[in-house]
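Please keep the sequence and the coordinates in view while reading.

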Amino acid sequence: MKSFDTASDRLITVDRTACIGSGMCTVYAPGTFTQDEEAKAVVLTPSTDPDDSVRTAVEACPAGALGIVDEA
Ligand code: SF4
């Protein structure tokens, strides 16, 4: 799953196969990530979190399931 955040020119990616549903991303960046009925991460757009929060969430994911690419 890839989601381009037009508000910040970031491409935020979730590998839903790798996601183990820990919810860490929703703690660090609740304006960017939520979880579906399977507890898998879903990207919200536009993201309302500052860049630092999104990057912290990406780094905190225990499964390495998140990615961020600057398109600008
Ligand atoms: S932190 Fe990683 S493993 Fe946990 S819900 Fe988010 S994407 Fe999934």
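Among contacts in the protein between residues at least 6 apart in sequence, what percentage join residues at least 24 apart? The value is 55%, two residues being in contact if their C-beta atoms, placed from the backbone, lie within 7 Å.

The model is a predicted one, in which local features need pLDDT of at least 70 and side-chain atom pairs count only at pLDDT 80 or more, whereas totals for chains, interfaces and linings use all residues. Residue numbers start from 1 along each chain as its sequence is written. The mean pLDDT (the predictor's confidence in each residue, from 0 to 100) of the protein is 90, and 86% of its residues reach 70 or more.

The protein contains two helices and five strands, in the order β-β-α-β-β-α-β from the N terminus. These elements are DSSP runs, numbered from the N terminus: helices are H or I of at least four residues, and strands are E of at least two.

The ligand is surrounded by 16 residues, of which the closest are Cys19, Ser22, Cys25, Ala41 and Cys61; a residue is near a molecule if its C-beta atom, placed from the backbone, lies within 6 Å of it. Helix H1 (24-28) and strand S3 (33-35) each contribute at least two residues to this shell. By type, the shell has twelve nonpolar residues, four polar and no charged. Here Ala, Val, Leu, Ile, Met, Phe, Trp, Tyr, Cys and Pro count as nonpolar, Asp, Glu, Lys and Arg as charged, and the others, Gly among them, as polar.

Helix H2 has two contrasting sides. Val54, Ala57 and Val58 of H2 are buried. They lie on the same side of H2 because they cover an arc of only 100 degrees around the axis, taken from the directions from the helix axis to the C-beta atoms. A residue is buried if 20 or more other C-beta atoms lie within 10 Å of its own, exposed if 12 or fewer, and partly exposed in between, with C-beta atoms placed from the backbone. On the other side of H2, Asp52 and Glu59 are exposed. The buried residues of H2 pack against strand S2 (10-14), H1, S3 and strand S5 (66-70).

Two loops deserve a look. Ala39, in the loop between S3 and S4, has a positive phi of about 70 degrees although it is not a glycine. Pro46 lies between strand S4 (41-43) and helix H2 (51-60), and a cis peptide bond joins Thr45 to Pro46.
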